[in-house]
Amino acid sequence: MVGTLIREGSPEIKMVMEGLLRGEYLCAALDRQIIFSQLDQGTPQSV
């Protein structure tokens, strides 16, 4: 999934991934009802 985000993600997603590689933090709200099979559908809500 990370590889797909890097290849196909929006510029914002790519900047977040670059920050993580530099040791920065990611703070995000998580949906407690997430269905993992929906993560690969490419909707902004699933990323």
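Leu20 lies in helix α2, which spans residues 11–21. The model described here is predicted.

Across the protein, the secondary structure consists of 2 helices and 0 strands. Of the 47 residues, 11% are buried. The protein exposes about 4500 Å² of surface, and 58% of that area is supplied by carbon and sulfur atoms.

Part of the surface is nonpolar: Val16, Leu20 and Leu26 make a patch of about 240 Å². Leu20 has a relative accessibility of 36%, so this residue counts as partly exposed.

Turning to charged side chains, the count of salt bridges is 1. Side chains of opposite charge can pair when their charged atoms come close. Here Arg22 pairs with Glu24, and their closest N and O atoms are 3.2 Å apart. The cut-off for a salt bridge is 4 Å between such atoms. Arg22 is exposed, at 57% relative accessible area, while Glu24 is partly exposed, at 42%.

| Residue | Relative accessible area | Class |
|---|---|---|
| Arg22 | 57% | exposed |
| Glu24 | 42% | partly exposed |

Technical notes: Residues numbered from 1 in each chain as written. Predicted model: local features only at pLDDT ≥ 70, side-chain atom pairs only at ≥ 80, totals over all residues. Heavy atoms only, no water. Helix = DSSP H or I, 4+ residues; strand = E, 2+ residues; numbered from the N terminus. Buried < 20%, exposed > 50% of the residue type's maximum accessible area, 1.4 Å probe, protein only. Areas by Shrake-Rupley, 256 points an atom, 1.4 Å probe, with all protein chains shown as cover. Patch = residues over 30% accessible without salt bridge, like charges linked within 9 Å, V, L, I, M, F, W, Y side chains within 5 Å.
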